Number of protein chains: 4
Amino acid sequence: MTKYNLMKKVHNLLTFGFDSQPRRFISWFIISLICLNVLAVILGSVDTIGRDYHDLLFGFEIFSVAVFSLEYILRVWSCTVEPKYSHPFTGRIRFAVSPLALTDLLAILPFYLPFLIHVDLRFLRTLRLLRLFRLGHLKRFNETSRMILNVLRERREALIISFAIILLLIIFTSSLMYFVENPAQPEVFKNIPDSMWWAVMTMTTVGYGDIYPIIALGKLLTSIISILGLATFALPTAILSAGLLEEFQNKKIHEHICPTCGQEIPKT
Amino acid sequence: MTKYNLMKKVHNLLTFGFDSQPRRFISWFIISLICLNVLAVILGSVDTIGRDYHDLLFGFEIFSVAVFSLEYILRVWSCTVEPKYSHPFTGRIRFAVSPLALTDLLAILPFYLPFLIHVDLRFLRTLRLLRLFRLGHLKRFNETSRMILNVLRERREALIISFAIILLLIIFTSSLMYFVENPAQPEVFKNIPDSMWWAVMTMTTVGYGDIYPIIALGKLLTSIISILGLATFALPTAILSAGLLEEFQNKKIHEHICPTCGQEIPKT
Amino acid sequence: MTKYNLMKKVHNLLTFGFDSQPRRFISWFIISLICLNVLAVILGSVDTIGRDYHDLLFGFEIFSVAVFSLEYILRVWSCTVEPKYSHPFTGRIRFAVSPLALTDLLAILPFYLPFLIHVDLRFLRTLRLLRLFRLGHLKRFNETSRMILNVLRERREALIISFAIILLLIIFTSSLMYFVENPAQPEVFKNIPDSMWWAVMTMTTVGYGDIYPIIALGKLLTSIISILGLATFALPTAILSAGLLEEFQNKKIHEHICPTCGQEIPKT
Amino acid sequence: MTKYNLMKKVHNLLTFGFDSQPRRFISWFIISLICLNVLAVILGSVDTIGRDYHDLLFGFEIFSVAVFSLEYILRVWSCTVEPKYSHPFTGRIRFAVSPLALTDLLAILPFYLPFLIHVDLRFLRTLRLLRLFRLGHLKRFNETSRMILNVLRERREALIISFAIILLLIIFTSSLMYFVENPAQPEVFKNIPDSMWWAVMTMTTVGYGDIYPIIALGKLLTSIISILGLATFALPTAILSAGLLEEFQNKKIHEHICPTCGQEIPKT
């Protein structure tokens, strides 16, 4: 029983919350450590900083990996207090393969791995930021993030269809442009994948300028494609926008306020 | 009678559907073949792959053209079971010139044609993808795609007007900019069609950087044009967005749920 | 009386309309002539075409200027049949200075002027396209264009405020960036007008690539500015979008259909 | 009492208003001086103008600094007539540290400072434009600007969340692209901050073309990122758009007009 209570206490302390002195302290400590860590990864990539502050950054990395490793172990150990991970062995395994626990592991691993495989995977450390999403469970942001997720879920099919249309448009236009521009610029529109790169960069209107048509027909087609593309790429935005508005209205209905006249709706 | 039943069976098997074992198998087989084919066209355009796997890609192409040709012939043969194509001869001709049957033919032809005309029309093979739109007839995606098409149909006039405004804006600004920039950059703003290319690339905000104003007046006009253009090109997006929202609300009404209060609407 | 009837007949024939044989013929003739003219201006600007077809284009220009001049004179002559231009002299003057009549004049003048002033104002000929807007008075497009104009009028103040915010943002960021980047790139960020050119091209996301920050602080500021700018430039779009949706709903109300439940609204 | 009345009169005269002859005169004088000043800063930065009209611009600067300094002193002196700044000493201090008074001071200071510190802070003079926001308090624009601010306030959390998602996406994609592209272009994707610059410029679709991926994997990732980025960056726009529409509807409700049927709502 003591062990169970200890686990419960550890589990409770490691969940973000600001209702008691120790939870508040641990939450802020973990949040700060995550942010500082990502800052260290970003700054450490700069030549001069990475060289001059090498020892400081490395020391800080050892310290934070130690903290995150300890936290990870404690989390896996104490997860059994949650009903859905209650089994001492399979419960912990199932917790360990849950998306958030896996990203936690991925964020620590790059530190231990270099001794084994010689690839620089330090960029995986930024995955630690994903943990901040747990803040979304706080009451304050909960409702808004739930609304955004709701829109994504309810408009799932419309979004899939619009992405399918976008994909088809990319494949058609890129094979067409490859056919039109390849003879004129064999080194730029080298093959269809390169042409697809052009299609995406044009229809998203990024337009780096590393690849563009030079012959008249190509320019005419690009003009038509870019206007069509603008409308097509606007489809997901329009769907999200319409969905969000509906969600805002539903929220009012949920609060028994009529979105039309602003007066209270009698409960039925 | 036997022949009619066979035609009916063939016709049924060649329509996408997942309700029986053979239809499911044929549907998945055709879908996979279409996707693999497009992938083969894309990868085959890459120098090294096109050379190294030439025989494999060519073999796969022969196989799929055989399948698609057989499918096309069977489709034309069995189309008479549909009431609207019931006449043995004119019905089949009318089926053959329907948009989807034409794209099917266009997708096979490039294989037979090179022996006749020596133009590389292999990019037409990507037209096969259009067939995937038939999946849209499946119940699951039917409603959403119908809603998107509805918006396009109902807002037809508003969309035409906004595209007309866009076209006028392009013609005006490009002839104006030709007048302003041509003396300074005779090789860049060479003529009004080139200037129109600039206008479209600026107002869609693609901005490759191959053509841009360099004199003060041209820059001032471009600034005004690009802000105006942003608002004008946003018009179709706004129309689509507003139309989709209405469609979402209409759907609820259709389901006898009031979009205002979320309660059931009494049938009248 | 005969003269008045003739004027009335001429005035009626020169107004776009498709209700009688002669009006239909004249309308289509004028529309075609306008479109062909603009096409001639565009194509005539291309070196090779302008040279090879010089005589044809010049002949066509003389013919159309003759037609448009005649039409202009007839219009001014017959305008007195309209009540608001009824006075024989001042009415005609007031008609001649109305926006559409002025653009008509501007579209013809460049042909007569070269003999006087030696500036190439042929681009003004594209102004003839503005006449096509008169088609907007036709019943079919009337409603939709009225709705778009309504949104612009009703949301006038919101649009003015958002353009004022955009202008302020441009002035601030450009003077700030001039201060930051001028020491590093004195030839690129030469002065504040150049910096404003950068600001507009960045915030509209055109990004030609002829002018961009190279020092760290400038890049950081640009990142913040471009995200802020995206939201600010989205304001007019959002206003238009919201306004159009309202207009669509109002239209239904006007037709006595409740946009909420799709049923008829009892007249009060 | 005389002094208090004088302060009240001065305070009233220095607040933008157009209801009496002297207030109208002073308001227009100050507005013109602000606009001319900003124009002088912009034009003065242009080499030739700054040199040729040096004396005129300097004279105008001395004159306007004199006016703005006097106005600033009078404002601080007379602010005690407002109840919330009533205390002769602490009230004035609290007024002096209010945002608008601080920007007023910041706009004058650069003129006096050069004699002390040798940094060119003239760009701070554009801060004077911020004063024009006080025009927003005029009845005409008051309602619209209140509506825009309302949307920003009510959708605060949704906006914060979407900016947090944008920030996370930038950090992830930039560290990933640094990892992918750095080996191929060590001089372009030099470090993660440079990669972040790339990420922002790509996802806002500015795309200057000074930094872009060149290897296949980098291009594939960029394609996915730019489409995802487009949808993510559309989130704030969608939120604003949906919020504005709601605000327009609420306004109608406030005016006791039902947004659904356009009829008057009976007061309860």
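**Domains.** I looked up the domains of chain A in this predicted model, and the assignment, whose bounds are automatic or taken from a database, gives domain 1 (3–134) and domain 2 (151–255). I then looked up the separation of their C-alpha centres, and in chain A those of domain 1 and domain 2 lie 38 Å apart.

**Ground rules.** I noted that residues are numbered from 1 along each chain as its sequence is written, and that chains are lettered from A and ligands numbered from 1 in the order in which they are written. I also noted that local features need pLDDT of at least 70, that side-chain atom pairs count only at pLDDT 80 or more, that totals for chains, interfaces and linings use all residues, and that side-chain values use heavy atoms, with hydrogens and water left out.

**Helices and strands.** I read the elements as DSSP runs numbered from the N terminus (helices are H or I with at least four residues, strands are E with at least two), and chain A has 10 helices and zero strands.

**Burial and surface.** I found that 50% of the 268 residues in chain A are buried, where buried means under 20% relative accessible area with a 1.4 Å probe, protein chains only.

**Contacts within chain A.** I counted contacts (heavy atoms within 4.5 Å), and of those in chain A between residues at least 6 apart in sequence, 59% join residues at least 24 apart.

**Chain A with chain B.** I saw that 51 residues from chain A and 46 residues from chain B take part in the contact. The area buried between chain A and chain B (the accessible area, 1.4 Å probe, that two parts lose on being put together, summed over both) is about 4,100 Å², of which 72% comes from carbon and sulfur atoms. On the side of chain A that touches chain B, two or more residues each come from α8 (156–181), α9 (192–203) and α10 (216–254) of chain A, and α10(A) supplies the largest share, 18 residues.

**Chain D with chain A.** I found 53 residues of chain D in contact with 46 residues of chain A, and these two chains bury about 4,200 Å² between them. I looked for salt bridges (a side-chain nitrogen of Lys or Arg within 4 Å of a carboxyl oxygen of Asp or Glu), and the count between chain D and chain A is zero. On the side of chain D that touches chain A, α10(D) gives the most, with 19 residues.
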